[in-house]
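Colleague: Could you walk me through this one slowly? I would like to start with the overall picture and then look at some details.

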Amino acid sequence: MENNTDSVSGGYDDEIDLRELFGVLWAGKVEIVVGVLLSALIAVSYALYLPNKYTSEALLAPRNDGGSGGALGQLAAQYGRLASLAGVNLGGVGGQSKTAIAIEMLKSRDFFGKYLYDAILVDLMAAKAWDRGANEVLIDENLFDIETQAWVRGLGNGLQAKPSVQEAYKAFVGGAFSVSEDNQSGFVTVSVTHFSPIVARDWVALIVESGNEAVRAREVREAENSIAFLKEQSSKTNLVSLTEVFAELIEQQTKTVMLASASDEYVFQVIDPPVAPELKSEPQRALICVLGVLLGGMLAVVFLLVRHYTTKEPA
């Protein structure tokens, strides 16, 4: 009987606590409303302050038939270790596909420094918005002087005014550039986000073009080195069988050079070219406002409860 009384008493205490909780919130309803309105005002102001950004994308299809991997792979199976001894690239670095290597190359600092750094540096590091009416990127004059074409930002500590390759690269891969591969279809998507839709489109086109050029130049260089080495080794042997093998390998490397010279889309074929987007991709102003209102309401409730229970006299 005593246990039942305790149980009822405990339930009664819980009910009193719940009533007290709602009583505190009701008594502070004005403060909650003020907190919500204030947070909504801050969220709306912040959302309107943020400049629009636009994302341009290109859909690419990998061209795995190019280069020397397929034909020379068959020769490698036929002639054993001879091709690898000749320094011929048969299957890509570490057994990876040409597409995987090309994607990692696009994300590398070396590629950025050689092909993108000089071309995009000002729009990457000094742009602050886009003037739709004038169709031009607005440059922060505290960072870059348009008239003198000189960097004027003051960093101190002996740091140079012009952003280094490492600094620009971090900004580029940290929020402006993205590349991904669909595991099912194999298609590759390259995207760029910028204040200007024109700049975003031009950067995607530049990245795709430079990526094809970089892979083409590397494989042509490897093929030409292989040809020179094979010719040298062929001149040192009198065995007819080896001479035929060298001739086959030289022929395949020559085909690599010819294919690379004849195709602009050497590793990536453009399926859907980049366009200047008409609609912004960010910021999501409605979401910012909703989250701001919710955060303001929760903070107001927490403030009321903390104030009540810290100033409440113990029973």
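Modeller: Let me begin with a term: two residues are in contact when they have heavy atoms within 4.5 Å of each other. This is a predicted model, and among its contacts between residues at least 6 apart in sequence, 75% join residues that are at least 24 apart.

Colleague: How many helices and strands are there, and what percentage of the residues is buried?

Modeller: The protein has 10 helices and 8 strands, and of its 315 residues, 34% are buried.

Colleague: What about the largest nonpolar core, how many residues does it have?

Modeller: That core has 53 residues, and the ones with the most contacts inside it are L106, F112, L124, F172 and V190. Helix α8, which covers residues 197–234, gives the largest share of this core, with 12 residues. As a general background, nonpolar side chains tend to be buried together in soluble globular proteins.

Colleague: Take L124, then. Which residues does it touch, beyond those up to four places away in sequence?

Modeller: Setting those aside, L124 touches F112, A168, A171, F172, A176 and W203.

Colleague: Now the helices. At what angle do α2 and α10 pack?

Modeller: Helix α2 (residues 29–49) and helix α10 (residues 285–311) pack at an angle of about 150 degrees, and their axes are 8 Å apart. Angles over 145 degrees count as roughly antiparallel, and therefore α2 and α10 are roughly antiparallel to each other. The crossing of these two helices is right-handed.

Colleague: What kinds of residues make up the contact of α2 with α10?

Modeller: They divide into 15 nonpolar, 5 polar and 3 charged residues. Among them are I32, V36, A40 and V44 of α2, together with I288, V293, A300 and L304 of α10.

Colleague: And α5 with α8, how do their axes cross?

Modeller: The axes of helix α5 (residues 98–106) and α8 come within 10 Å and cross at roughly 120 degrees, which makes α5 oblique to α8. This crossing, of α5 and α8, is right-handed. On the α5 side the contact is made by K98, I101, A102, M105 and L106, while α8 brings I207, G211, A214, V215, R218 and E219. The residues of this contact divide into 7 nonpolar, 1 polar and 3 charged.

Colleague: Last topic, the backbone. Where is there a cis peptide bond?

Modeller: A cis peptide bond joins E282 and P283, with omega at about 5 degrees, and P283 lies in the loop between β8 (268–272) and α10. In general, most peptide bonds are trans, and most residues other than glycine have a negative phi.

Colleague: What is the phi of N135, and where does that residue sit?

Modeller: The phi of N135 is positive, near 55 degrees, in a residue other than glycine. N135 is in the loop between β2 (127–131) and β3 (136–139), and N135 is partly exposed, with a relative accessible area of 46%.

Conventions:
Residues are numbered from 1 along each chain as its sequence is written. This is a predicted model: local features need pLDDT of at least 70, side-chain atom pairs count only at pLDDT 80 or more; totals for chains, interfaces and linings use all residues. Side-chain values use heavy atoms; hydrogens and water are left out. A nonpolar core is a set of buried Ala, Val, Leu, Ile, Met, Phe, Trp, Tyr and Cys residues joined through side-chain atoms within 4.5 Å. Buried means under 20% relative accessible area, exposed over 50%, partly exposed in between (1.4 Å probe, protein chains only). Helices (H or I, at least four residues) and strands (E, at least two) are DSSP runs, numbered from the N terminus. Axes are lines fitted to C-alpha atoms, for helices over the stretch in contact, and angles run from 0 to 180 degrees between N-to-C directions. Angles under 35 degrees count as roughly parallel, over 145 as roughly antiparallel, 65 to 115 as roughly perpendicular and the rest as oblique. A crossing is left-handed if the near helix is turned anticlockwise from the far one by less than a right angle, and right-handed if clockwise. Ala, Val, Leu, Ile, Met, Phe, Trp, Tyr, Cys and Pro count as nonpolar, Asp, Glu, Lys and Arg as charged, and the others, Gly among them, as polar.
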